[in-house]
Amino acid sequence: MGFLDEIPGHRRPFPPPAEKQVGVGVVGLHEGRTLLIGLERCSRARAVAGCDLDPAKLEASRKERPDLFYTSDLNQLLARPEVEVVAIYTPDAEHGEHIVRAFEAGKDVICTKPLVSSMADAAAVLAAGRRTGRRLLVGQSTRFFEPFQRQRAAFERGDLGRLELADAHYMHRMDWYYRKSPWAARDTDWAFLGLSHPIDLVRWYLGSVEEVHAFGLCSHLGQDFGLQGVDIYTVNLRAVDGRLGRVLGHYGLEELPSARNAIELMLYGSRGSSQAQYHDMRYRYTAADGSEICEDSLYALRHWHFNSEVHGMHYGEFANYTEAFATALLEGKPCSPSLEEGVESFCVMEAVRRSAKEGGPISVSPLLEEVGLKGDS
Ligand SMILES: NC(=O)c1ccc[n+]([C@@H]2O[C@H](COP(=O)([O-])OP(=O)(O)OC[C@H]3O[C@@H](n4cnc5c(N)ncnc54)[C@H](O)[C@@H]3O)[C@@H](O)[C@H]2O)c1
């Protein structure tokens, strides 16, 4: 026990490097730069290369990690033998092509959310994964944030009893994002870009989804930015086993963060309820005597998740999922959310988009069949 162990915020030191580490090459160095830095928190994975079309992005990463290989050409990164895992953080519409190229170069892949945003890309990545035998982890960051990990552990211990209803939202005003990344208004839909978080969370607990019924509306903010689709979604979901889910997304709102965190997951079980929040770091749950308990780890873990800023980028979640994937690769074990699970979640998002656009409920299973996936994953 050293001096730093006594100080709040130093209870989870960065671990020493393991004997065998997986080399990670990162493509797309805006959000991906977070992973290059976040990899310092990993034991079984290390950064080896970075790739971006924009010389300014390459330069910014080179300043922080001068020891790595940098290129603007994805083929050059794919040709490096020390790159064992390609981590993809390019705009959503490019994920499908980049995943297939990485698989075909013999690499395993981490792809940020959303895995893909079209039926054609969903079919292509699934086929390429089967053809090459390579593995993929979907970077669903929220699952790997501290309160969501604690909530999951309690659920797996059976603390909630039988889960009956899962309720998740992701609410975030996005004018700054449209200015930074115009493709977000032009080339995708919030059913994929934003709802990928709450839909993944609900599916994580309910398993395969049978049917969705969604409504959508374009906010004033969305109209100002010439949005192609809608940016307000309300969704009801029914799982194959009959349990229920609800998902909400709003990307043009005035935020009230102390009333509603950006992302929240409520679980209602037969013996208790629980709630996990991002980006405050609170986990609330029913104790055995019925009391409400709140665990707040923001100040204990801000060094891990936010690089010691109070709130910041996704360093901790990206490190947590990369460590989990590297461990799974080194030990030959499964890791979730896998390629198949990501494709299934994509089909739920596509059903949501169609339901809001066309009106009425949509069954998910015809979409699964169309992309080449059938059954629970
Ligand atoms: N919580 C999360 O996990 C989280 C948060 C934010 C964004 N994202 C996802 O991360 C991805 C990137 O988002 P962002 O905000 O960083 O977008 P961005 O537009 O800021 O950055 C994308 C980067 O990719 C680079 N790029 C584009 N095509 C490329 C190519 N062919 N080769 C190499 N580089 C290329 C661009 O130059 C740019 O620097 C998106 O898919 C987004 O949905 C995930």
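User: Which domains is the chain divided into?

Analyst: The chain splits into domain 1 (3–141) and domain 2 (143–309 + 345–362), with bounds that come from an automatic or database domain assignment. Residues are numbered from 1 along each chain as its sequence is written. Keep in mind that this is a predicted model, where local features need pLDDT of at least 70, side-chain atom pairs count only at pLDDT 80 or more, and totals for chains, interfaces and linings use all residues.

User: How far apart are the C-alpha centres of the two domains, and how many residues does the contact take from each?

Analyst: The C-alpha centres lie 24 Å apart. Residues are in contact if their C-beta atoms, placed from the backbone, lie within 7 Å. Here 17 residues of domain 1 and 22 residues of domain 2 take part.

User: Where does the ligand lie relative to the domains?

Analyst: Domain 1 and domain 2 both give residues to the shell around the ligand, so it lies between them. A residue counts as near a molecule if its C-beta atom, placed from the backbone, lies within 6 Å of it. The ligand has 24 residues around it, and the closest are Gly28, His30, Glu31, Ser141 and Ser181.

User: How do I read a pair of packed helices?

Analyst: Two packed helices are described by the angle between their axes and the distance between the axes. Axes are lines fitted to C-alpha atoms, for helices over the stretch in contact, and angles run from 0 to 180 degrees between N-to-C directions. Helices (H or I, at least four residues) and strands (E, at least two) are DSSP runs, numbered from the N terminus. Take helix 4 (residues 95–104) and helix 5 (residues 119–132): their axes come within 9 Å and cross at roughly 10°. That makes helix 4 roughly parallel to helix 5, a label for angles under 35 degrees. Among the residues making the contact are Ile99 and Phe103 of helix 4 and Ala124 and Val125 of helix 5.

User: And what is the strand order in the open sheet?

Analyst: The sheet has 9 strands in the order 14-13-12-11-7-10-9-8-15, with mixed pairing; two strands pair if DSSP finds at least two bridges between them. Strand 14 (292–296) and strand 15 (362–363) stand at the edges with a single partner strand each, so one side of each has no neighbour in the sheet. Strand 8 (residues 209–217) and strand 9 (residues 232–239) pair in the antiparallel sense over 8 bridges, with valine 209 opposite alanine 239 in strand 9.

User: Which strands does helix 14 touch?

Analyst: Helix 14 (residues 339–358) packs on the sheet and touches strand 8, strand 9 and strand 15. The direction of helix 14 makes about 45° with that of strand 8.

Terms used: Angles under 35 degrees count as roughly parallel, over 145 as roughly antiparallel, 65 to 115 as roughly perpendicular and the rest as oblique. Two residues are in contact if their C-beta atoms, placed from the backbone, lie within 7 Å.
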